[in-house]
Amino acid sequence: MKEQPIVIIGGGMSGLAAAIRLARFGKPTVILEKHTRPGGLNSYYHRQGHLFETGLHAMTNYAGPKDRSAPLNRLFRQLKLSRKTFRTHEQIGSEIRFPTKSLHFSNDFSCLHNEVCTNFPASAAGFTQLTDFIKHYDPFLKRPWLSARQRLRSFIPDPLLIEMLLCPLMIYGNSEEDDMDLAQFVIMFQAVFLEGFFRPAGSIRDFLEMLQDHYLALGGEIRYRTGVESLLVRKGTVLGVRLATGEEIEAQTVLSTIGAVGTMALLPDCLPGVRNDYVGRLSFVESIYLLPQSTLTDIQHDATCIFYSDRDTFLYRRPAEPIDIGVGVINFPANFQELEPRDPIQIRVTHPANYESFRLADQTSVNGRSSQYLAMKKSWQELSLAKIGKMIGNFSQNIVYLDTFTPLSIEHYSGKAAGAVYGSPLKIKDGLTRYRNLLLAGTDQGFLGIVGAMLSGVTIVNQQLLTVTDQDTA
Ligand SMILES: Cc1cc2nc3c(=O)[nH]c(=O)nc-3n(C[C@H](O)[C@H](O)[C@H](O)COP(=O)(O)OP(=O)(O)OC[C@H]3O[C@@H](n4cnc5c(N)ncnc54)[C@H](O)[C@@H]3O)c2cc1C
């Protein structure tokens, strides 16, 4: 009899990585993806002949090809991808900007170290101790939740420095409001400050095609426009999936990458109250602006990312207003080393946003988005532009094209409940559910961001779906 496949729900970064890992060991695997292309949150679209990337400001965890133990290179080995032929561009350098101080960092950690020593001399020794602590801390050991803020206070006497360090680490990888688990802080400190930012050569489309082609060459199958509508279950076992078309596919195991809430919604016996516990609260609005390169002279454009807060206390939470323009990231996708900027250039601006505000504004919609939603989006876009203009110079008169997406767009394109990019604050680290052959990978398993999502897919496959013998033959 033909072996039933392992069905992977979702062709985002975690689904693709899990699928490649399985296909490498000859496991029959099929990815079911409801959209027309892979990538999920980290994808792309075309407008007016231009390619817009959706989820990539910068990849974290940079490592040169020779550093064999680095997470990025371990990931490549696990996927049997050549790191040597994978061309990367490192960041030019990024900035953390607060009202009274600014800190620069690059992929050379001494840059941040020197900036801390110059700007916060009283905290310099504590910062060195913190770095040492992080290098020796194993974030993957099972421990109870510990407050990163509290632990930081034991090293660093200056509260402003604590806020500034937390700002990029929370924005790029924290599903909790206001504080973060110490283990997640350590993971993000290593990924952002000790290892650093890069982007793959070419566009994210090239990167996704490389992953997809590799998977297909290993014998895997991927089906697009194939939304899973429900899971077929009997006595604690998942038998397969039912598609929106009514088609049923039997499965030996289902690995879901669509989040705990999205997965629970596919089950017949899920109480809505249980689902709500896992809904994340943090979402974002992002605007992408196209500007002629010739107009760049009017603006400050020398960083890869500027993470900012216009309050000395960094507020990382769902804002009361639809958008918090007081916190954000300004990203220049062309500002990576040895990258030829294309004309027109792009600027991307991201702020925390309130999912409920956009959802309520959209409630009256009949066909497509309601006028109230569109008006809300436009007025906040104007406020954001004015704010960013004050920070880097006004460029609103030079915009040739702009697009904004909201928490509702994120929810629509990724299936992440409430548009929560980093999913639920409650993580299911072993990927297990109460169904013996239903597993979770991706955002709600625990690793966040592009590299994190891929590591999550590989980790759950290694822990739950491959035997030691399988892995010994690798
Ligand atoms: C604006 C923005 C900027 C970002 N910037 C960065 C960055 O600079 N660096 C970084 O590292 N990370 C960044 N991220 C985060 C990163 O993109 C995500 O953490 C990562 O891509 C998550 O991958 P995933 O596979 O876990 O989930 P997803 O990408 O959400 O994948 C889930 C997939 O499942 C599919 N799906 C959902 N429901 C169903 C269903 N019922 N049936 C079939 N398929 C379904 C979806 O279509 C999707 O393709 C950013 C995200 C956003 C939104």
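Student: Which residues does the domain assignment of the protein chain give to domain 1, and what lies around that part?

Tutor: The assignment gives residues 6–83 + 201–277 + 422–472 to domain 1, residues 94–194 to domain 2 and residues 281–418 to domain 3, with bounds that come from an automatic or database domain assignment. This is a predicted model, in which local features need pLDDT of at least 70 and side-chain atom pairs count only at pLDDT 80 or more, while totals for chains, interfaces and linings use all residues. Residues are numbered from 1 along each chain as its sequence is written.

The C-alpha trace spans about 65 × 55 × 45 Å along its principal axes.

Domain 1 and domain 2 have C-alpha centres that lie 29 Å apart. Their contact takes 10 residues from domain 1 and 8 residues from domain 2, where contact means C-beta atoms, placed from the backbone, within 7 Å. On the side of domain 1 that touches domain 2 there are 4 nonpolar residues, 6 polar ones and no charged ones; Ala, Val, Leu, Ile, Met, Phe, Trp, Tyr, Cys and Pro count as nonpolar, Asp, Glu, Lys and Arg as charged, and the others, Gly among them, as polar.

Because domain 1 and domain 3 both give residues to the shell around the ligand, the ligand lies between them. The shell holds 39 residues, of which Gly-10, Gly-12, Gly-40, Gly-415 and Gly-442 are the closest, and a residue is counted as near if its C-beta atom, placed from the backbone, lies within 6 Å. The elements that give two or more residues to this shell are α1 (13–24), β14 (283–291), α13 (407–414) and α14 (449–465). Sorted by class, the shell has 15 nonpolar, 20 polar and 4 charged residues.

Turning to the sheets, 5 strands form an open sheet in the order β9-β2-β1-β13-β19 with parallel pairing, two strands being paired if DSSP finds at least two bridges between them. At its edges, β9 (221–223) and β19 (438–440) each pair on one side only. Strand β2 (residues 29–32) runs parallel to β9 and is joined to β9 by 3 bridges, with Ile-31 standing opposite Ile-222 in β9.

Another open sheet has 3 strands in the order β10-β11-β12, paired in the antiparallel sense. Its edge strands, β10 (228–234) and β12 (248–250), each pair on one side only, and here neighbouring strands are turned by 30° on average, direction ignored. Strand β11 (residues 237–243) pairs with β12 over 3 antiparallel bridges, and Gly-240 stands opposite Glu-250 in β12.

Strand β3 (residues 44–47) and strand β4 (residues 50–53) run antiparallel, joined by 4 bridges, and the bridge partner of Arg-47 is His-50 in β4. This hairpin has 2 residues between the strands, and Gln-48 takes a positive phi near 50°.

Key:
Axes are lines fitted to C-alpha atoms, for helices over the stretch in contact, and angles run from 0 to 180 degrees between N-to-C directions. Two residues are in contact if their C-beta atoms, placed from the backbone, lie within 7 Å.
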